[in-house]
Amino acid sequence: MHKEAIEICDVVMKLDSQNTKAHFRKGKAFASVGEFKQALKCFQEAQKLDPNDTVIMRHLRLARTKSAQLAEKEKAMYTKMMKGLEKENEKEGKGSKAERSGSWLNWGTVLVIVGTVGALISMWWVKSN
């Protein structure tokens with residue numbers, strides 16, 4: 001249902017790129033499926049078109065808050081994972097501290113790649129459903 005709403009909004013915006021309601025509704029559809037960064041972009045565009053609309057302002061604030069909360073949750077999750085890996089390496093006594101810190105860089109890179117791939121899959125999923 002949200003996919004169809006996003007697609008309809010895209011069609012409307014192709015016909016009228018200044019359609020505030022289409023940008024707003026697309027933002028609401030993205031927010032409904034947890035895509036707060038995408039929702040934020042849509043709400044920002046809607047606000048540019050109608051800067052005094054209090055409903056748009058409220059949804060824009062909400063999307064910012066939810067996006068920040070999601071980023072904080074992800075950060076906490078990755079921090080917890082990294083601490084677990086550090087403890088595991090210390091228990092196993094793998095290499096020197098310098099070698100372990102080098103593996104941190106490798107794990108950090110892996111986590112960034114995994115996060116990016118996850119975001120891309122999520123965006124693809126929203127578009128394909």
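Buried means under 20% relative accessible area, exposed over 50%, and partly exposed in between, with a 1.4 Å probe and protein chains only. The model is predicted: local features need pLDDT of at least 70, side-chain atom pairs count only at pLDDT 80 or more, and totals for chains, interfaces and linings use all residues. Residues are numbered from 1 along each chain as its sequence is written, and side-chain values use heavy atoms, without hydrogens and water.

**Exercise 1.** Classify H59 and describe its surroundings.

*Solution.* H59 is found in helix α4 (residues 54-92); helices are DSSP runs of H or I, at least four residues, numbered from the N terminus. Its relative accessibility is 17%, so H59 counts as buried. The H59 side chain reaches the backbone oxygen of V55 at 3.0 Å. Leaving aside residues up to four places away in sequence, H59 touches F24, K28 and F43, where contact means heavy atoms within 4.5 Å.

**Exercise 2.** Find the aromatic pair in the whole structure and state what it ties together.

*Solution.* Rings of Phe, Tyr and Trp (its six-membered ring) pair if their centres lie within 6.5 Å; planes under 30 degrees apart count as stacked, over 60 as edge-to-face and the rest as tilted. The search finds 1 aromatic pair. F24 and F43 form this tilted pair, 5.7 Å centre to centre with 45 degrees between the planes. F24 lies in helix α2 and F43 in helix α3 (residues 36-49), so the pair ties together parts 19 residues apart in sequence. Both F24 and F43 are buried.

Key:
Helices (H or I, at least four residues) and strands (E, at least two) are DSSP runs, numbered from the N terminus. A polar contact is a pair of N or O atoms within 3.5 Å; within protein, one must be able to donate a hydrogen and the other to accept it, and residues adjacent in sequence count only if both atoms are side-chain atoms.
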